[in-house]
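Let's take a friendly walk through a protein model together. Please have the sequence and the 3D view open as you read.

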Amino acid sequence: MSGISVQGLAKRFGARAAVEGLTFDVRPGEVFGLLGPNGAGKTTTVRMLTGLLQPSEGEARVWGHSVRTDGESLRRVVGLLTEQPGLYERLSARDNLRFFMKLHELDEREVWPRARSYLERFGLAGRENDPCGSFSKGMRQKLAIVRTLVHDPKVIFLDEPTSGLDPESARTVRDAVAELAAEGRTIVLCSHNLAEVERLCTRVAVVKGRLLAMAPVNELRRAGSALDVKVEGDAGRFVETLAALPFAPNVLAEGARLRVMLADEAQAPDVVACLVGAGARVHSAVPAQRPLEEVYLELIREGRV
C-alpha cells in the first residue's frame, strides 16, 4: 500500500486552475519534499490530501483512504502542521492539546502519556499549564508539532516545521522527523529551506500549478554539473568574463572561490582556459554537484507560463 497515491489531481477556483494533472506516489516511511514558490499550489494540494478541500478532478488515496469519499477516516490517519500554528493563546498548552484530543474523540487518559513524551522531547515539559500567549514563537511552533502528532497519525504533512526555531530546536525537529519516518510513517515536507529538504528528504516534487519535476534529491542535483574553482585573490572580478562564454554559465563568487554551473562536464576545460586567459592564477578546479537551490530555481524559471 502506498502512503499517498495521487492520480490526475486538479483544483480550480472558478476559471483559475490552482493545480492540475498532479500524479505522484509517496512510499510508507518516506520523507517527501513538496517544493514550489508562493502561489504554486502546494497549500491547495495539501488541503486536498488532508480532506479539507474537494478536488475538481482526479483522485488521491492517503494510507488507503480516498480524499473524495473517506473524509472522516482520512482525518484520523493524517496530521497537519500549518505554517501558522493556530493555537488558542488564552488556553494553556495542556488545554490546547485536550481540545484537539476531543476533536479526534480520543481518550485523554490513554493519549496523554504520548503527548507528555513529545512535550519532553521538544523542551516544553513543565510548561503544560502556562497560557500559550506567554510562549515564544518557537515554543508555539513546537507545541503545534506536538498537537500534530498527538493522535498518532500515519501520514504527516509539515509546512515549514522549523520556522521560528533556534538551531538547537530545529535540529530536534529534524531528528524527530527522521525517527517518525523510521517508524514507517509517511511524511510530506513543504519548505523553502532547501538545505533542510536536502538533509531530510529522499525524493522531492517541484510544482508550479503542475508537476515540473519529481526525482530523488541526489538525482536532481546531478542534473547538469558544477565546477568549483579556487583562484588567487578576489574571484568576483572574473564573474562577468565567465558569464560571457558562449554557453553563458551561471557563476557564483565568494572570496577566492567560484562555482560555475555547467550543462555538460565537457565545458569545464573552457572555463579554466577562460580564467587563465583573463589573467587568473587558478589554484584548483574540481567537479561538484549542483546545489539543490540552483536546480530548483532553474526548474521554476523553465516552468513559467
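Predicted model: local features only at pLDDT ≥ 70, side-chain atom pairs only at ≥ 80, totals over all residues.

Residues are numbered from 1 along each chain as its sequence is written, and side-chain values use heavy atoms, with hydrogens and water left out.

**Domains**

The domain assignment, which is automatic or comes from a database, divides the chain into domain 1 (4–209) and domain 2 (223–289). Their C-alpha centres are 41 Å apart.

**Strands and their partners**

Helices (H or I, at least four residues) and strands (E, at least two) are DSSP runs, numbered from the N terminus. Two strands pair if DSSP finds at least two bridges between them. An open sheet is built from four strands in the order S2-S1-S4-S5, with antiparallel pairing. Strand S2 (16–26) and strand S5 (65–66) are the edge strands, each pairing on one side only. Within this sheet, strand S1 (residues 4–13) is joined to S2 by seven bridges, and Val6 stands opposite Phe24 in S2.

Now look at strand S9 (residues 203–207). Are its residues buried (under 20% relative accessible area), exposed (over 50%) or partly exposed (in between), using a 1.4 Å probe and protein chains only? Five of the five residues in S9 are buried. On one side these are Arg203, Ala205 and Val207, and on the other Val204 and Val206. In a regular strand the side chains alternate between the two faces of the sheet.

S9 pairs with strand S3 (residues 31–35) in the parallel sense over four bridges, and Ala205 is the bridge partner of Leu34. S9 is also joined to strand S10 (residues 211–216) by five bridges, this time antiparallel.

**An enclosed helix**

Helix H1 (residues 42–49) has six of its eight residues buried, so it is largely enclosed by the rest of the structure. Among the buried ones are Lys42, Thr44 and Met48. Gly51, which follows H1, has a positive phi near 80°.

**Nonpolar cores**

A nonpolar core is a set of buried Ala, Val, Leu, Ile, Met, Phe, Trp, Tyr and Cys residues joined through side-chain atoms within 4.5 Å. The largest one has 50 residues, and those with the most contacts inside it are Leu97, Leu143, Ile187 and Leu220. Counting contact as heavy atoms within 4.5 Å, and leaving aside neighbours within four places in sequence, Leu97 touches residues including Trp112, Leu119 and Leu143. Another core lies apart from it and has 25 residues, among them Val19, Val26, Met48 and Val62.

**Aromatic rings**

Rings of Phe, Tyr and Trp (its six-membered ring) pair if their centres lie within 6.5 Å; planes under 30 degrees apart count as stacked, over 60 as edge-to-face and the rest as tilted. The count comes to two aromatic pairs.

| Pair | Centres apart | Plane angle | Type |
|---|---|---|---|
| Phe24 and Phe32 | 5.4 Å | 15° | stacked |
| Tyr88 and Phe99 | 5.4 Å | 85° | edge-to-face |

Tyr88 lies in the loop between strand S6 (78–81) and helix H3 (93–103), and Phe99 in helix H3, so the pair ties together parts that are eleven residues apart in sequence. Phe24 is buried at 4% relative accessible area, and Phe32 is buried at 1%. Tyr88 is partly exposed at 46%, as is Phe99 at 36%.
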